[in-house]
Amino acid sequence: MYRYDLYDQQMVDARVAEFRDQARRRLEGKLTEDQFKPLRLMNGLYLQLHAYMLRVAIPYGTLSSRQMEALADIADKYDRGYGHFTTRQNIQYNWIRLEDAADALEDLSKVEMHAIQTSGNCIRNISSDHFAGAAHDEVADPRPYAELLRQWSSFHPEFTYLPRKFKIAVIASEKDRAAMRLHDIGIRIVSRDGELGAQFYVGGGMGRTPMIAPLVRDFVPLDQLVTYAEACLRVYNRYGRRDNKYKARIKILVHELGAEEYTRQVEEEFAHLLSVGVEPPREELARIAAFFADPPFAEGARVIDRSDPDFALWVDRNTHRHKHDAYVSAVISLKPVGGIPGDATSEQMRLVARLARDYSFDELRVMHTQNLLLPHVAIADLPALWAELDAAGLGSPNMDTIEDIIACPGLDYCSLANARSIPLAQRISERFAATGRTGELGELKLKISGCINACGHHHAGHIGILGVDKKGTENYQLSLGGSEAEDVALARITGPGFDEDGVIAAVEKVTDVYLAAREQGERFLDTYRRIGMEPFKEALYG
Amino acid sequence: MADARDLGTSPDEVQFRFRDDEPVDHGTVTVDAALEQTNANAVRIEPGDDARALLPFLDRLALVEINFPAFGDGRGYSAARILREAGYAGELRAVGDVLVDQLSHMRRCGFDSFAPDRRLDHEDAKRAFATWNNVYQSAADARRTIAEKRRET
């Protein structure tokens, strides 16, 4: 794992001091709320429906046990004993008092964490494949590149007042487990003729105008990675729309210019910046990469006793193939039936931290699906790990099933929401758990957003649900066929929306259509792609 | 087009200046006007202007003002760096809605004078200029980056 040196620590400490000073000037009336707002936002502090919300960055979703314990302590000290893991691999606290915010940031800084640039019109926390450094199918660990970009993007003097927020994801395998092409910049590390380089996809995003990022550059040499990113950002900073907040994301610029013209401008800027020389020295990447060396894996059992059917089910659903064949990555579901997707209590956080220490070389991950992950678990340890998880109510065997719902905080917390997301997610998981259909349905990604901003990724759901406000009542639009993975696609709306009960019934109906129509080995998404929207519409509205 | 006399800040309005040469004592002209008037030595860049249009004339410019009509519009940061990257060595003045918390980034982008619409608290500004002991990115101020310092130690 990456560790701060004195420089990194100084930067974070300076930021805490700066924020304390800003908060003081706000209280003294030297800053108006309008002036204070972008400053607090750049420190992750939002004003929500009921209180301030603090969003803490978890760079590329990687955490140590000590850091997870600090997150638990913050939940107890400044919040109500729990936190909410987000689709960008961060954690949010929903009940922070403004007076406590600087203290919370200072506590974070003591474990090499921060809330820098987790909101505001700047480059946000950089996300990655949650299996990074563990997956069997990656060409390299993508995290050193993400860390290089984290440092480059932190307090970037030119890109702190962009037209709109800017999200970057870095992956390093053909499989896309980070919704890479639905980011402002998606980077895939690839190998060509034995040399590593970066593919740049630019201009993807969800929100009210979802777009899949086109490929802008097929191969950027890794010693020009920062320079190319800088060129992409400079063209955006200069020409991204600022006249309309809803058209200000880079996807609109790329769309309006066309990918070809945007690329031409980036290439021109890139050539210029190469001559200026903005790339960190080569040794910096090597220095960072050394932190991500493999832990000391040991040979061990590759098969285990699967006689307990509950355990076997959990292994089948919640573990992922590791690059070392005596290990797996183990998903800790934060989706108990009827629970709030992504929520964890401080007690659960501490337990997971201990399990990471005991079974996963002190390391854990936050997944964009709002679950946690132990990246390196010896296969021989799985029974003991599962027993502990199961006893703590963290053993739900539902990764990538219809119970593994992504949901935004919705109208229960968020000041932008039009409808509630959480109760809907709770009821759907309860319904499918009760009918016993979860297993039969296999991989089925259901995603719920409580407004058009799409924080719940509904555009990318095999089944997506969007909550809207219809003449003062909550109404839910259903969409089908989306995917955030390597087979990326945007979901299409089925037709008129439903009320809360209606949309739950509608989800059941579309799963019935799938079960009746599927062919051998087909996932819901495969069947939808083969038979199209019509049979589903017929069942819903016919 | 606005008259040249209507544009620009006077040296009196400059609150912070990090240069020793004599400031230009007259107003600035628009980018369009500068392209036509071969003797103009002071120009004002608005957010929508292309700073690169000035590159053929950099040698004759002594003052470039970059206007920030609203602090949240960050195009001026790119304009500043582009001028410095092209070798512009004259005064680069940030004018308009310039706030304390933008000062350190503006310095890094190459601004060396500041004429905010509303005067800033001197102590707050002093602190703001000194916010960062170290920096991650290479920018127009040519400071050694953290990565470069790491390499040397």
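Predicted model: local features only at pLDDT ≥ 70, side-chain atom pairs only at ≥ 80, totals over all residues.
## Chain A as a whole

Let's begin with chain A, which holds 17 helices and 20 strands. Its radius of gyration is 23 Å, close to the 24 Å that the globule rule gives for 542 residues, so chain A is as compact as a globular protein of that length. Along the principal axes, the C-alpha trace of chain A spans about 60 × 55 × 55 Å.

Of the 542 residues in chain A, 56% are buried. If we take the contacts in chain A between residues at least 6 apart in sequence, 67% of them join residues at least 24 apart.

## Chain B as a whole

Chain B has five helices and six strands. Following the sequence, these elements come in the pattern β-β-α-β-β-α-β-α-β-α-α. A compact globule of 153 residues would have a radius of gyration near 15 Å, and the 16 Å of chain B agrees with that.

The C-alpha atoms of chain B fill a box of roughly 55 × 35 × 30 Å along the principal axes. Buried residues account for 45% of the 153 residues in chain B. For contacts in chain B with a separation of 6 or more, 55% come from residues 24 or more positions apart.

Two packed helices are described by the angle between their axes and the distance between the axes. With that in mind, here are two pairs to look at in the structure.

In one pair, helix α3 (residues 65-78) and helix α4 (residues 98-109) of chain A have axes that come within 10 Å and cross at roughly 160 degrees. An angle over 145 degrees counts as roughly antiparallel, and α3(A) and α4(A) are therefore roughly antiparallel to each other. Their crossing is right-handed. From α3(A), the residues A70(A), D73(A), I74(A) and Y78(A) meet D100(A), A104(A), D107(A) and L108(A) of α4(A). Sorted by class, the contact of α3(A) with α4(A) has five nonpolar, no polar and three charged residues.

The other pair is helix α13 (residues 422-435) and helix α15 (residues 500-517) of chain A, whose axes come within 11 Å and cross at roughly 40 degrees. α13(A) and α15(A) are therefore oblique to each other, and α13(A) passes α15(A) in a right-handed crossing. On the α13(A) side the contact is made by L424(A), R427(A), I428(A) and R431(A), and on the α15(A) side by E500(A), I504(A) and V507(A). This contact of α13(A) with α15(A) divides into four nonpolar, no polar and three charged residues.

## Helix α7 of chain A

Helix α7 of chain A covers residues 250-257, and its buried residues are I250(A), K251(A), I252(A), L253(A) and V254(A). What do the buried residues of α7(A) pack against? Their partners are β9 (195-202), α6 and α8 (259-276), which belong to chain A as well. Just after α7(A) comes G258(A), which takes a positive phi of about 90 degrees.

## Where the chains meet

The contact between the chains takes 34 residues from chain A and 30 residues from chain B. On the side of chain A that touches chain B, the elements giving two or more residues are α1 (6-27), α2 (33-41), α5 (143-153), α6 (225-239) and α9 (282-291). Of these, α1(A) gives the most, with eight residues. By class, this side of chain A has 14 nonpolar, nine polar and eleven charged residues.

## A closer look at S78(B)

Is S78(B) buried or exposed? S78(B) is buried, because 23 other C-beta atoms lie within 10 Å, and 20 or more is what burial requires.

Once its neighbours within four places in sequence are left aside, S78(B) is in contact with E158(A), R234(A), N237(A) and R238(A).

Technical notes
Residues numbered from 1 in each chain as written. Chains lettered and ligands numbered in written order. Contact = placed C-beta atoms within 7 Å. Helix = DSSP H or I, 4+ residues; strand = E, 2+ residues; numbered from the N terminus. Nonpolar A, V, L, I, M, F, W, Y, C, P; charged D, E, K, R; others polar. Buried ≥ 20, exposed ≤ 12 C-beta atoms within 10 Å, placed from the backbone. Rg over C-alpha atoms; globule rule 2.2 N^0.38 Å. Axes fitted to C-alpha atoms, helices over the stretch in contact; angles between N-to-C directions. Parallel < 35°, antiparallel > 145°, perpendicular 65-115°, else oblique. Left-handed = near helix turned anticlockwise from the far one by under 90°.
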